[in-house]
Amino acid sequence: MDFNGSKFIHISKQVFLVTLTTFVIFIGYPLGFIVFVPLIIYRHVVEQLAQIIDPKFGKILKGLDAYLSAHTTYSSPTAVLLPVYYLEKPVDRSELIKTFDENLIKIQDQNGNLMYQRLRQKVVAKFGYHFWHNVDSFDLHHHIKFLDPSCPEQVFRQKDIMKLTCQLGRRPFDDNRSPWEIILIPSFEHEEDTTIKAALIMRFHHCLCDGFSVLKLLERIGVNAWKHSILGVASAKNGAKKNNPLFSLLTFLFFLIEAPYQVLKTFLFSYDDNIWLTRAIKNPFGPIASQVIDQIPIANLKMFKLQENPEKINLTSIILALAVQATAVAMKGENVNGNLSKLHVITPLPLPNHPGDGLCNHWASVKIPINLDLEDVRNTVRNVSREFERVRRSIFPLVSTQIAKLIGSLPIVFIPKLDGLLRSTCIVSSFPGPTHPVDICGSPCKVLFGTGSIIGCAAGTVSFSYNGSITLVTGGYQCNFTQGHGEILAESYRKVIKEFLSLK
């Protein structure tokens, strides 16, 4: 297509977006006010009413908590966090239960409220919404258990860990209890590191908390105090600057105008079209295969610089670039039809002022368009860095947060399913873990990595940094692989990483 034709299409899209944005501002906002204000009032009333009827009722689930719990809490969970820990020695179950009880279950904030109340609350439906509800006869023995209670000392091997996590990601939770558990594997064989003797897997439904909350929880069950908090000063809630009232008003008005434009642009002109994504959407709860990629020293990744903008490249941009590039290379190797020169990636961005202790979901989901160069990963990194900074500094993370709050105010039956929003070929989560070795009840942790669910995307990657290295876990739907399942993505990753690390 010639230059004039492309320019005409671009102008036509912009006119269309501006027209729709104007419609939303003058028609959509008044209609939204009419719909959501009564719903929010109703939700507040039933929250108070439920606690009057039964004092065991806690707070109503809101925002991301409500969205993540709407359709998949117990019987067929899909939004599940599964961090895995390789340990030097087995963790004594009785000692872990005692430590968990003293350092988490019973701990209170400065107002006397239990900081980890959700750990002893189940999710129940009432008046069309989900509530936290205190569990009768709460017992940590029901949550902290052996992988095989009938044979605790049975040896489990490293090569089977990904198959296990895929199974755990879909295994139902007990609907009479809070949706979380800690699984102990006291006899573990690691093919490459003989100092690893045991393993531990945390299994948390995402409606309980985000990945940062799990890390803070882990921080409290170690014998040796962590030298630095996971969230550091970024989690501090104090010191917020007071804005000028006029400036706040202008900012709010700008948000009302810009928000619908950004949302419409993301949903209407930001989509992928390939057979992998099509199959994943048609079979969102199908079998998944995952693989762990070899640990990469962070120092090696930080050595990479772009001559024109050496200060702009951060680890998140590099990881996003590696993930999307590896996925595209794997798709090319599988002869997938579709546009492989441009793909989109969904990634969660942590919001400022994370509460730190306690359990919550404090992040925004953003969608980033990435132009790929399958012949030179350097160009892909350059494009990712530019787009990531643009999206991160844009209004979209805040818009995403407000949309989640609105969706969460809807009754359960009207909340869309997890695979229905922000579809893209890739989803990538990146977590900065401890920068030094930690322990769980005195058992030194050798390796720490994260796994989780893939919904509405063809391939997913979880990046976890720990003790100077980054461990990548990649996975995808088995329906997209002709052979080898997850190994196809893993080999693609290794190829791209090798190419990347060879760059100077």
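User: Quick one to start: is the crossing of H9 and H10 left-handed or right-handed?
Analyst: Right-handed, in this predicted model.

User: And at what angle do the axes of H9 and H10 cross?
Analyst: Roughly 125°, and the two axes come within 8 Å. Helix H9 covers residues 315–333, while helix H10 covers residues 377–393. That angle makes H9 oblique to H10.

User: OK, which residues in H9 meet H10?
Analyst: On the H9 side you have Thr 316, Ser 317, Ile 318, Leu 320, Ala 321, Leu 322 and Gln 325. They meet Val 377, Thr 380, Val 381, Val 384, Ser 385 and Phe 388 in H10.

User: How many of the residues in that contact of H9 with H10 are nonpolar, polar or charged?
Analyst: Eight are nonpolar and five are polar, with no charged residues.

User: Switching topic. What order do the six strands of the open sheet come in?
Analyst: They go E10-E17-E16-E13-E11-E12, with mixed pairing. The edges are strand E10 (288–297) and strand E12 (363–371), each pairing on one side only. Neighbouring strands are turned by 20° against each other on average, ignoring direction.

User: How do E11 and E12 run, parallel or antiparallel?
Analyst: Antiparallel, with nine bridges joining them. Lys 342 in E11 stands opposite Asn 371 in E12, and Ile 346 stands opposite Lys 367 in E12.

User: And what about E11 and E13, parallel or antiparallel?
Analyst: Those two run parallel, joined by two bridges. Ile 346 turns up again here, standing opposite Ile 427 in E13.

User: Which strands does helix H5 touch?
Analyst: H5 (residues 211–219) packs on the sheet and touches E11, strand E13 (424–432) and strand E16 (457–466). Its direction makes about 25° with that of E13.

User: Where does helix H4 lie?
Analyst: Across E10 and strand E17 (469–477). H4 takes up residues 161–170 and runs at about 125° to E10.

User: What does the chain look like over residues 15–42, helix or strand?
Analyst: It's 100% helix and 0% strand there, with the end C-alpha atoms 38 Å apart. Residues 246–264 are also 100% helix and 0% strand, and their end C-alpha atoms are 28 Å apart.

Technical notes. Residues numbered from 1 in each chain as written. Predicted model: local features only at pLDDT ≥ 70, side-chain atom pairs only at ≥ 80, totals over all residues. Heavy atoms only, no water. Axes fitted to C-alpha atoms, helices over the stretch in contact; angles between N-to-C directions. Helix = DSSP H or I, 4+ residues; strand = E, 2+ residues; numbered from the N terminus. Parallel < 35°, antiparallel > 145°, perpendicular 65-115°, else oblique. Left-handed = near helix turned anticlockwise from the far one by under 90°. Contact = heavy atoms within 4.5 Å. Nonpolar A, V, L, I, M, F, W, Y, C, P; charged D, E, K, R; others polar. Pairing = 2+ DSSP bridges.
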